[in-house]
2 protein chains.
Amino acid sequence: MEVKTESPGDPNDRNGNVHKNTDLTLPHDFINNFASNNTTRKKIKKILIKRIPILSWLPEYNCDCAVGDLVAGITVGLTVIPQALAYSSVAGLPPQYGLYTSFLGCFVYIFLGSCKDVAMGPTAILALLVHQVTEGKGPEYAILLCLLSGIVQLLMGVLGLGFLIDFISGPVSSGFTSAAALIIVSSQIKDLLGIRASGANFLDIWEGVVKDIGNTKVWDCVLGIACLVVLLLLRIISTVGTPETGVPKWRTALRLIGISRNAILVIVCGAIGYYFTTLGETPFKVIGYVPEGFPAIQPPRFTYTYNNTHENFLDMVTNLRSGIIIVPLLGLLEDIAVCKAFANGRPVDATQELLAIGLCNVANSFVQGFPGSGALARSAVNNSSGVKTTLGGLYTGVIVITALFFFTPYFQYIPKATLAAIIIAAAIFMVEIRVIQPMWRAKKSDLALALITFVTCLVTRLEYGISTGVVLNIIFILYQAARPKITIETMKSTQGADYLLVTPDRCLIFPSADYVRNLVIKQSMRQKIPVVIDCSHIYGADYTAATVIESLTKDFKTRQQPLFFYNLKSSVSSVFVGLNLDYFLVYYNEDELDDMLKKWTEICDKI
Amino acid sequence: MEVKTESPGDPNDRNGNVHKNTDLTLPHDFINNFASNNTTRKKIKKILIKRIPILSWLPEYNCDCAVGDLVAGITVGLTVIPQALAYSSVAGLPPQYGLYTSFLGCFVYIFLGSCKDVAMGPTAILALLVHQVTEGKGPEYAILLCLLSGIVQLLMGVLGLGFLIDFISGPVSSGFTSAAALIIVSSQIKDLLGIRASGANFLDIWEGVVKDIGNTKVWDCVLGIACLVVLLLLRIISTVGTPETGVPKWRTALRLIGISRNAILVIVCGAIGYYFTTLGETPFKVIGYVPEGFPAIQPPRFTYTYNNTHENFLDMVTNLRSGIIIVPLLGLLEDIAVCKAFANGRPVDATQELLAIGLCNVANSFVQGFPGSGALARSAVNNSSGVKTTLGGLYTGVIVITALFFFTPYFQYIPKATLAAIIIAAAIFMVEIRVIQPMWRAKKSDLALALITFVTCLVTRLEYGISTGVVLNIIFILYQAARPKITIETMKSTQGADYLLVTPDRCLIFPSADYVRNLVIKQSMRQKIPVVIDCSHIYGADYTAATVIESLTKDFKTRQQPLFFYNLKSSVSSVFVGLNLDYFLVYYNEDELDDMLKKWTEICDKI
């Protein structure tokens, strides 16, 4: 409520709640009243609308929007429940924690979210990261990580650090996502086969699977594979028709069945599980007891006791290591990817999204959620179900809360193999095999980078893998800065004088200055003709470059070899001139060169 | 002796010693014989001459060279002895260790050094770094650091990592050197005042000085200040005439006195000290017993015992921390600075210098030396005394050895205040106040960077200070890569059609791709006219940029707004084309634009 300090005269404004209600029901009236005839107030109005996006769409909310949001919200709600149960297992947590992550964030996002399609909640990749970062130490760690991730995201938003994800390039992101997907698929193999295996890293998981493969349960396996086949078929059906194209009703119905495939499968398999339970014992593993009702509303715990070891806040933060940075960054990356996918050519506001998902995560940590973000798969469902505003999240959240209060007793009969099949059917399509061909054609070094990131993510940890990719990418930028491409040609001036044209392709700054100097010296010693440095592409320079240019001009003067600078930008020239260079000769028109050459000795003598 | 394996038929070649002698006395004959009629052998010959520079100059060595080297070598020898004694105290070591650092490296450098002026040995900055890195733990640590520094330098040379020092920019280097100089001066205040104070950091040192200032000894103080005055006067005298300019003999003599000022002062003050000792007690502190003779020739110790704590090799390496990287890097930086100062416009071979000083340090660690490099002050003496080849180092080394064998008994009478004055008189001129003005005029942000580095070096440690500077500089490069300057102008085509010209100033790569996209979208939505992206300055692109261009072309097609690319380099085009872009329209001639605009709908429909 930044506005409070601006209008101290109004007693209502001192009351946060009253104020808030006004905001929500009459935002435009309120703002108009508040920001009258004053550019500062106009600015504040603009900032308010930018930072609380609900203010911009709520006044124009209509019946059409309400229907779209209701349908989409419910569809997403039916999708998120099975996913939440499943992702909990990916995160190494009991099933209810996924549900706890799935409602409050949706409510917060209604107010702050800038992209109507984003479905806040647990995501497969963040769940896997939570498992790896917390090393399976249980909910306390996951909830603390959720709070810290939210705080880091809020801080990044306030400090305008959203641009940091620009440093995760396409290839690194593809390599990381593919590896994460493969690990997620691998982590579910055990439930598909009905065996025991633990671990959150690729190699650990497969070691466990191979060790226990002898104990494969036939019925888990059969059910799991059947579920997988059904899901993949329904996935194909889900693409048969979109509501806009005026297709027959049966096709729309088929499509809805396709979209709700996870919910349908969970209900059917849950019913089968319930049936077998009434008979005595199920032939396959079920997820078991899920606590009923709302989670305890309390701040995350800042201490952790396990096997007689007591850890305080600092110990916990130390144990989370780089996860405190990696989890919020990748949360943002996923969310921005969703925003971009549905932006329809509009720019994406990373700062606003940071504030939104940051606050969602902070809120979730008070209802025992683990870190979440905008989930790509559910957002796609949201979009194709015709969502109009972020208000769709309201219905999603209400459905999750309803499920928590009334349906948890039934969740215990859901077979583990069914959830495993749901995760596998979703994650398998996240392995980005499709990018290999264009990447190969566009730039082979980018493909190599993607593969390095992919392999490092698999054999070590996801955080190390993505860090490796980013660092390699940064080294590449630094290398380019240090070793610009320089074209060297022997040219003839208008009047036929030979000269050496040296054209660097970018800024002259410290890591490249000496390199350019050495190259110019080498070439100019080989061919003792006048040298022209073409500065057309040099848009920036620094003090180090200026000192190098200084020594270069002096050397050429001593050697009695002419050195000229062509087409020097004034911004660069001002840096060089700061050193009071002698013998610094610039020209801007090709015809001037012959003149300069003739007068060179004169000019130098004069200076 | 890489050549041995190439000529297994010759029994002499299997004997390293015989072979070595042949190398040194008849290198060209030997190489000619060896590398006959064969391009591979010619290449080997070229590499040999490049990597063992003595092979290139020894055949042409003549009487003139011999005289120059003799005079310069002896002058440097007389300079290095007092400096070696003084720098030992800067390094927090007993005085003899400086002498141990001053001879073997000179011999090694004769063979491998690429710059005739470099005077290998202890330097003030490296001595201070040794003190900070070893935390005054004594010779064992310093000697191990010497070995490790040498190995790191050799590795850097072999791997071609010499370019790393390009990332230490002029401002960072100035800030670091100035701070180091100020710490060195501060560290000598105690000896100048005859008080006790310890520590290697600026604040620690001054805390110690202030605490003990009440115990200032009058005679130490008087002697120290007198020495300082004499040194500064002689420094002025040293510049009165150079041997080349044919000045009167008395001026040359004065100059020689000026150059040898340290040695003269040490001899005179040593004599005074000796005189007072014969009378009973000296009124000032003297450096005391210096062990006589050659140091023990042995590998560095890999264990360290102190106050009942026993440290193994790994503990020691851990304690040396980043010093293992910073010391060799800064050693290289100093050495290259010397090479550049006397290069006379020739390029400097950083790889060769790495190999040379790396081997010097490894060798020195076997005669109990601490890390050294090419010292700027002594190299200047070397140069102005008329050194012709690196063979001057032979005489320097012989003089140091002679001093070790015959003069150490006399060193004990040298007053500490005299050595302090020598260090202060040298270090005070390393504070680079002169760069402030040009840096201010050239680029204010560079001056800020220099100041930040300077202050961080002073209040923390030198290694943190320089790291801070380098990291800030790298962030600056990355920021530039992420946020290119983009010029946006509304232009008129030849036939008068309005269009928006967007000109990015550099490569389109991952950290900037999204930024450019957002900017183009924003601008094109504001003015719904055709958009042209001028790619004249775009010399490189990657897969991430290609995907962004892909989404941009699609967005513009959807919006029915023309988007063209002007003057796209073929190297960049090939990256974009890898993605099979639709609607990707490029032109190279300004006249084509109107044609393209006319046909735009057609072209798009066709595609």
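**Exercise 1. Find how many residues of chain A are in contact with chain B, and which helices supply them.**

Step 1: In this predicted model, 44 residues of chain A are in contact with 44 residues of chain B (two residues are in contact if their C-beta atoms, placed from the backbone, lie within 7 Å).

Step 2: Now look at the helices (DSSP runs of H or I, at least four residues; strands are runs of E, at least two; both are numbered from the N terminus). On the side of chain A that touches chain B, at least two residues each come from helix 10 (170–193), helix 21 (436–442), helix 23 (462–482), helix 24 (510–526) and helix 25 (543–558) of chain A. Helix 24 of chain A gives the most, with seven residues.

Step 3: Sort the residues on this side of chain A by type: 21 are nonpolar, 10 polar and 13 charged. Here Ala, Val, Leu, Ile, Met, Phe, Trp, Tyr, Cys and Pro count as nonpolar, Asp, Glu, Lys and Arg as charged, and the others, Gly among them, as polar.

A note on reading the model: residues are numbered from 1 along each chain as its sequence is written, chains are lettered from A and ligands numbered from 1 in the order in which they are written. Local features need pLDDT of at least 70 and side-chain atom pairs count only at pLDDT 80 or more, while totals for chains, interfaces and linings use all residues.

**Exercise 2. Work out how chain A can be laid on chain B.**

Step 1: Apply a turn of 180° and a shift of 0.0 Å along the axis; chain A then lies on chain B with an RMSD of 0.1 Å (least squares on the C-alpha atoms of residues with pLDDT of at least 70 in both copies).

Step 2: The two copies are therefore related as by a two-fold rotation axis.

Step 3: Check the surfaces: 100% of the contact residues of chain A recur in chain B, so the same surface serves both copies.

**Exercise 3. Describe the open sheet of chain B.**

Step 1: Its five strands run in the order 5-6-7-8-9, with mixed pairing (two strands pair if DSSP finds at least two bridges between them).

Step 2: Strand 5 (486–492) and strand 9 (585–587) of chain B are the edge strands, each pairing on one side only.

Step 3: Strand 8 (residues 563–566) of chain B pairs with strand 9 of chain B in the parallel sense over three bridges. The bridge partner of B:Tyr566 is B:Tyr587 in strand 9.
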